[in-house]
Amino acid sequence: MDHARPRPGDDMIPAVQTALNTIVGRVTTLDHASGAGRIFELFVMTSLARGLRDAGFSVWLQRSDGTIIHPGDADRRFIQRGGAPTGVSAASAGPSNATVIGFRWGRRRKWEIWNGIQFAGRSAATHEIDISIVPGSVGTEIRKAGGIPVGRPRVAIECKDVGTSGSVDEMRAFIARLYDVTLLHAHHRHMHFPDARALHPGSPNEPKHRAIVTYWQENRRTKNIIARRTGFTAGTAPLGEYHRVEPHRDISVGSSTVDELVSSVVNWAGRNA
């Protein structure tokens with residue numbers, strides 16, 4: 001008798017479902033995009049959320065209209081965006097677009113974890129960031145009309161669910177995207193925004209969210225990661241280290257490498273969120 005081979009990413013779906021159920025406190029319905037790469041992104045996203053919850057952060061699932069999913073709600077769907085990368089949907093478009101994950105420490109500011117959102121850079125080109133973390137105020141502001149944020153998320157994670165090792169070109173491409181979405185203080189002389197912020201619209205008026213002077217500084221106050229199912233070629237290390245891109249290899253369900261990735265982001269959140 002023939003047995004169907006498991007599809008790539010199938011082992012991650014139960015882990016994703018368990019994380020979502022734990023966050024909500026009741027069984028959720030997972031509506032995910034097709035393709036192993038998208039499931040890999042969702043696995044990384046929900047692993048971070050569960051890690052934040054385990055570390056004492058308040059964590060919740062939030063519909064695309066800005067409402068929170070509660071255990072008693074009839075609609076407890078977690079929706080992963082399908083199709084081509086896009087911006088943030090307007091709240092007025094309803095709750096059936098991409099779900100986000102929110103978190104906060106105590107009574108501090110809220111933050112949001114996004115999947116597959118485009119960010120606009122100084123060149124006016126848009127760049128998809130697989131997993132991004134932004135202040136909740138940015139999400140609130142942009143959902144008023146929908147659109148694409150301009151600038152650099154505070155955490156940017158590139159997910160690679162491929163069998164080959166990560167190359168120098170892959171690292172270089174990610175760094176180039178981060179370079180374009182970085183808004184330094186001097187750049188705002190040529191931009192239409194009223195205040196010099198690292199990310200628009202809606203970033204808080206606080207030093208850590210204001211535009212800074214150099215790329216060196218911005219690379220070190222953000223968290224930038226490439227997470228891969230496999231490893232990296234040797235030549236990527238010096239390039240990634242200089243630009244502060246963390247390489248996280250061999251990401252799989254139940255592995256210590258997942259714990260290391262989650263710990264890195266949770267520690268960043270503990271210092272900055």
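A charge sits over a ring if NZ of Lys or CZ of Arg is within 6 Å of the ring centre and within 35 degrees of the ring normal. I kept that rule at hand while looking through this predicted model.

**Entry 1: charges over rings**

I looked up Arg 122 and found its charged end over the ring of Tyr 179, 4.8 Å from the ring centre. Then I went to Arg 228. Its charged end sits over the ring of Phe 232, with 5.7 Å to the centre.

**Entry 2: rings with rings**

How many aromatic pairs does a search of the whole structure find? I got 6. One of them is Phe 57 with Trp 105: the ring centres are 5.0 Å apart and the planes stand at 65°, so I noted the pair as edge-to-face, since planes over 60 degrees apart count that way.

I also checked where the two partners sit, and the pair links distant parts of the chain, 48 residues apart. Phe 57 is in the loop between helix H2 (36-54) and strand S2 (58-62), while Trp 105 is in the loop between strand S4 (100-104) and strand S5 (111-120).

Buried or exposed: what is Phe 57? Phe 57 has 6% relative accessibility, so I wrote it down as buried. Trp 105 has a relative accessible area of 35%, so that one went down as partly exposed.

Next I followed the ring pairs onward. They link Phe 57, Phe 103, Trp 105, Trp 111 and Trp 268 into a cluster.

**Entry 3: helix H7**

Trp 268 took me to H7, where it is on the list of buried residues. Others on that list include Thr 257, Val 258, Leu 261, Val 262 and Ala 269.

H7 covers residues 256-272, which is 17 residues, and at 1.5 Å a residue it should span 24 Å. The C-alpha atoms at its ends are 24 Å apart, so the check agrees.

I repeated the check on H1: its 13 residues should span 18 Å, and the end C-alpha atoms are 19 Å apart, which agrees.

How do H1 and H2 cross? I found that the axes of H1 (residues 12-24) and H2 come within 9 Å and cross at roughly 35°. I noted the crossing as left-handed. Among the residues making the contact are Met 12, Val 16, Ala 19 and Ile 23 of H1, and Ile 39, Phe 43, Thr 46 and Arg 50 of H2.

Which residues of H1 are buried? My list reads Met 12, Val 16, Ala 19, Leu 20, Asn 21, Ile 23 and Val 24. These buried residues pack against strand S1 (29-31), H2, S2 and strand S3 (77-79).

**Entry 4: two single residues**

I picked Ala 196, in the loop between helix H4 (168-181) and strand S9 (199-200). Its relative accessibility is 19%, and buried means under 20%, so Ala 196 counts as buried. Not counting residues up to four places away in sequence, Ala 196 touches His 185, His 188, Arg 210 and Ala 211.

My other pick was Glu 141, in helix H3 (residues 136-142). I noted Glu 141 as partly exposed, because its relative accessible area is 33%. Leaving aside neighbours within four places in sequence, Glu 141 is in contact with Pro 201 and Gly 202. I also looked at Arg 50: its C-alpha atom is separated from that of Glu 141 by 26 Å.

Definitions and conventions. Residues numbered from 1 in each chain as written. Predicted model: local features only at pLDDT ≥ 70, side-chain atom pairs only at ≥ 80, totals over all residues. Heavy atoms only, no water. Helix = DSSP H or I, 4+ residues; strand = E, 2+ residues; numbered from the N terminus. Expected span 1.5 Å × (residues − 1). Buried < 20%, exposed > 50% of the residue type's maximum accessible area, 1.4 Å probe, protein only. Phe/Tyr/Trp six-rings, centres within 6.5 Å; stacked < 30°, edge-to-face > 60°. Axes fitted to C-alpha atoms, helices over the stretch in contact; angles between N-to-C directions. Left-handed = near helix turned anticlockwise from the far one by under 90°. Contact = heavy atoms within 4.5 Å.
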